[in-house]
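Subject: Model for your review

Hello,

Please find the sequence and the structure below.

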Amino acid sequence: MKRIPKPGVDNNPGAFLREFRIANGLTLAEASRKTGLPVSTLSKVETGKMSLSYEKLVKVSAGLGIDIAQLFSAAASVAPVTHVPSGRRSITLAGAGPTIKTAAYTYTYPSADLLNKRLNPMILNVAARSIEEFGDLMRHPGEEYAFVIQGQCEFHSDIYAPSVLKVGDSIYFDASMGHAYVAVGQEPCRVLCICSAKDSELKSNLHPTGSDRP
């Protein structure tokens, strides 16, 4: 796993290259083999005695597996730049998935068999027909994306005026803002929501009813 250090304040590619090499335990000889550039050239670049042409910068970028832009811009933190696919996957058939019923929504959870997901998808069957019936607005960490797949709903928040969303409409928002979906019209309302909050953070905001408690 490669690690990206903070380069020098002058955004010198040579300074970044040296710190990157040291952070990842590479010798000049190893960096030379990876990039195809002579050890002497890399040494001069790192000490500021030589600059690289664009073609050689491309070689450095490809050989070390880093974005060429990182050679010139300070990294925000030490972080991995590669991702090894985990192979995780989950298929949820139509109508399947555990459900939790609250006064405002009935939640169906696709891909519930995957733990520690980075994103949490939910299908909401919206029951509340007014903001008064909904009660206190929900809020949780992270961000949320919602796409109306049936009927229409009114999106309420504690910052913006209510907005009506119809089939095919969507909204992306900061979920720490108080929010609620309220069904409007006669047709049932269903909304696909995808949240970046952890599953535990989402469920801690729910108030299941009776036998539907998880």
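Residues are numbered from 1 along each chain as its sequence is written, and side-chain values use heavy atoms, with hydrogens and water left out.

Aspartate 199 lies in helix H6. Helices (H or I, at least four residues) and strands (E, at least two) are DSSP runs, numbered from the N terminus. Leaving out residues up to four places away in sequence, aspartate 199 touches Tyr109 and Asn120, where contact means heavy atoms within 4.5 Å. Leucine 119 is 80 residues away from aspartate 199 along the chain, and their C-alpha atoms are separated by 8.7 Å.

Lysine 117 sits in the loop between E2 and E3. Is lysine 117 buried or exposed? With a relative accessible area of 18%, lysine 117 is buried. Its contacts, apart from neighbours within four places in sequence, are Arg88, Ser111 and Ala112. Lysine 117 and alanine 197 are also 80 residues apart in sequence, with 9.2 Å between their C-alpha atoms.

**Confidence**

The average pLDDT (the predictor's confidence in each residue, from 0 to 100) is 81 for the protein chain, and 80% of the residues score at least 70. Confidence is highest in strand E6 (residues 163-166), with a mean of 97, and lowest in helix H6 (residues 199-203), with a mean of 68. Two stretches have a pLDDT below 50. Residues 4-10 are one of them, with 25 contacts in the model beyond near neighbours in sequence. Residues 210-214 are also below 50, and that stretch has five such contacts. Where pLDDT is low, the predicted coordinates should not be read in detail.

**The chain as a whole**

The protein chain contains six helices and nine strands. It has 214 residues, of which 35% count as buried. Among contacts with a separation of 6 or more, 62% are between residues 24 or more positions apart. The accessible surface is about 12,400 Å², and 55% of that belongs to carbon and sulfur atoms; accessible areas come from the Shrake-Rupley method with a 1.4 Å probe, and for residues only the protein chains shown count as cover.

**The six-stranded sheet**

Six strands form an open sheet in the order E1-E2-E3-E9-E4-E7, with antiparallel pairing; two strands pair if DSSP finds at least two bridges between them. Strand E1 (99-101) and strand E7 (170-174) are the edge strands, each pairing on one side only. On average, neighbouring strands of this sheet are turned by 20 degrees against each other, direction ignored.

Strand E3 (residues 120-126) has six of its seven residues buried, so it is largely enclosed by the rest of the structure. On one side, E3 pairs with strand E2 (residues 105-108) over four antiparallel bridges, and tyrosine 105 has valine 126 in E3 as its bridge partner. E3 also pairs with strand E9 (residues 189-195), antiparallel over seven bridges. In that pair, leucine 124 stands opposite valine 191 in E9. E9 in turn pairs with strand E4 (residues 143-150) over six antiparallel bridges, and glutamine 150 has arginine 190 in E9 as its bridge partner.

**The three-stranded sheet**

Another open sheet has three strands in the order E6-E5-E8, with antiparallel pairing. E6 and strand E8 (179-184) stand at its edges with a single partner strand each, so one side of each has no neighbour in the sheet. The twist from one strand to the next averages 30 degrees. Strand E5 (residues 152-157) pairs with E6 over four antiparallel bridges, and the bridge partner of cysteine 153 in E6 is leucine 165.

**Helices H1 and H3**

How do these two helices meet? The axes of helix H1 (residues 13-23) and helix H3 (residues 39-46) come within 7 Å and cross at roughly 115 degrees. Axes are lines fitted to C-alpha atoms, for helices over the stretch in contact, and angles run from 0 to 180 degrees between N-to-C directions. H1 and H3 are therefore roughly perpendicular to each other; angles under 35 degrees count as roughly parallel, over 145 as roughly antiparallel, 65 to 115 as roughly perpendicular and the rest as oblique. H1 contributes Gly14, Ala15, Leu17, Arg18 and Arg21 to the contact, and H3 contributes Leu42, Val45 and Glu46.

Regards

Technical notes: Buried < 20%, exposed > 50% of the residue type's maximum accessible area, 1.4 Å probe, protein only.
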